[in-house]
Amino acid sequence: MARALGKAHMIVLDVGHSTALATGIDKQSFFQKSKACASLIIQRMIFSAPNDHVGVVLFGTNETNNEQNVELGGYEHITEAFELKQANWPALRILQDQVEQTNVDGCWFEALIVAVNFLRNGSQGKKFTEYSIILISPFLKRSDISQDQLENVTDGIRGMQVVLHVITNYVLHPTSSLQSIFTTSGTFDEQASKSDARSLNERSLKEALKSTNGTLSNINLAERVLTFFDPKVVRPTPWNSVLSIGTKVKLSISAYVMISEQKGLGSFKVDSADDENGTTNTVGMKTQYFLNDKQIDISMQDIIMGYMYGSTAVPYDNTIDIEYRSGDSRLACLGFTAASNVLEEHLSTKGSHLVVAKKGCTASNYKLAALVKAMHELNVIMITTKVYRKDNKPRLNALVPTYRSEIPCLVMIELIFKDELCCLKFPPLLKSRPAPTEEQYSAIDKLIDSMNLMDAIDDTNGEAREAFTLHSTFNPTIQHVYRAAAHRALHPKEPLPAVDSTLQELFEKPEKIANRSKPAVEDVKKLFELKEVKQNTRTEWLQRMAKVKVADDATSSISTMDSGILMDDDDADRRTVVSVGTLTPAQDFALLLRRGEKFATVATQLQNVLFELLFTSMRPPGEKVVTALMVYRSEAQTLGPYRYNEWVAEFKNTLLNHRKQEFWENVVVGKRLGLIDSQESDMSTISVEQAANFYETPTQPKVTVDSSSGDNIDLDSLFHELNGSF
């Protein structure tokens, strides 16, 4: 049996004089819109359904070229432009560049007959899953059609199982069908002012569409909807496995992909390119190896896998991979847990699957129905281990009970491991916030109501509809790639287009929402007054944090236990601090001392944090490091300077050894955060002279190396020797 090729479509396009009328808000001619619709239909087939075949019949042409005219006569001004073939770019270029509007009109009914015959002849010897005829015309030329003629044509269309789609103007659509064509149908606008010929044609079209189960679409809506490309339709392939619960219960299941990340067009493969002279040359891949910007020849045996860690090449050996045999493909139940225990942040972003009983397994179907019912009543979910293929790495999955079209099934969503959970730590709110007033609550309620998306868009009929609905909101990035690829295929020499306004609407606030929410936004601005917090200068900061006066009182020994760094009692009780952290080390240090922690313990924690912030963190030391040093030194003056003096001496050596000369001079020396002398603390054994000498650093003599003497070292050879020694 021959394999089905896809779908067969025949586009019947009116190019006659009557298509010059303006339509839509932009007042473009009907011909321009109909030509754009035909082009977009073919583009959709190229991207989304490459196996579909399409043909084109033009009516209203100056010439006549069709089989019906040759065999029977008549059927004037109708041309069979493109025979039934797979959609391709060359045919689309011809349609866009060579099809022009004429000054004559053709009969749409005769063009429909030619299209039916053209479709029948083109599909002979081929097997298609569906057949359709897309008729695009304003239907302004009078066509006197008898009832017998109309019935004969519609009988022929039904006999071939062809679906008739009509795209024209003066068509109204219900709000629910504004985002789709060819699947839903509109109705003719009976209130519009029309010619007698148009009204007569509408009566014939109504009967034809009714007898063939066809659809009717407005051309303005069709042009807008067709600009969005659907992903390529693929036949769903299940993942067949066995769901085991314990040692005795086993179910044969099939898992289908329900939600997955859309990949778009994927990567492009360039086969040829044009040079400056317009000559087409073949393009191929060529790999070259360079060492110090010099090309070298290398054997494949000398190449190993590796990764770049910054600017460092790190070799990788697959022998370090974990040796674990997970066994056969399976879906094994680990247990059940309450649905409230699995939070949204525990779910992975790798999509979801729909799990049903395997086709033909009646026993598994009954077991799954009972399992889903019990899990639904108990409000629990199942935690499972999934091994997709033999010896693959196992993954945790959650099976959630649900019903789709009254059919019991399970939704399978992958769970994350502990290593994949990011623990976010935010700075504490040190000041208590007053509760909002009733007036403020009311203002926020009005703001939310004014930004309601359920009626955010007004259609051409004056009806309000929802914005950003799931089934009508496309990915703007992928859609722009589709349009850019189509533009480059049709216009190779032109620059790529900018982002279209229809795509910008997908990530911008609807105009109705913006206008409606302005008064509510202004009320919120008035009721929630924002005050700018200016950054304190160094003098203000020192006075507030450590009560250290500048210039005239630089040696103050007042402890920060009474300074502004500490919070109120309520703030201290609300904060949960168990050790000094890297986020707010000074505040944590002071808070722990206030709670009664031992100074030696908290000081050691602060020392470790300062070492981490200065020597292991990827970020440069900030103001919090300086503040922590100030607080530590100020507390040590009162509680005991011995531990600080011992640590700061080691701290100096560590700074200089790590080439932190700038931090030493600007912070430690500049802010006088060195040893605590006997004048600053009675408990100190350090003299004033010793404390002053501490800020001096030993000068290292510069060593000059004579580059002309000694042996020349080949750095490349040395690098290879070092690698060989490991």
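A: H17 passes H19 in a right-handed crossing, a crossing being right-handed if the near helix is turned clockwise from the far one by less than a right angle, and left-handed if anticlockwise. This is a predicted model, in which local features need pLDDT of at least 70 and side-chain atom pairs count only at pLDDT 80 or more, while totals for chains, interfaces and linings use all residues. Residues are numbered from 1 along each chain as its sequence is written, and side-chain values use heavy atoms, with hydrogens and water left out.

Helices here (H or I, at least four residues) are DSSP runs numbered from the N terminus. The axes of H17 (residues 599-616) and H19 (residues 642-657) come within 12 Å and cross at roughly 10°, which makes H17 roughly parallel to H19 (angles under 35 degrees count as roughly parallel, over 145 as roughly antiparallel). Axes are lines fitted to C-alpha atoms over the stretch in contact, and angles run from 0 to 180 degrees between N-to-C directions. On the H17 side the contact (heavy atoms within 4.5 Å) includes Ala603, Gln607 and Phe611, and on the H19 side Arg643, Trp647 and Phe651 are among the residues taking part.

H17 also packs with H16 (residues 585-594), at an angle of about 175° and with the axes 10 Å apart; the two helices are therefore roughly antiparallel. Pro585, Phe589, Leu592 and Leu593 of H16 meet a set of H17 residues including Phe599, Ala603 and Leu613.

Technical notes
Angles under 35 degrees count as roughly parallel, over 145 as roughly antiparallel, 65 to 115 as roughly perpendicular and the rest as oblique.
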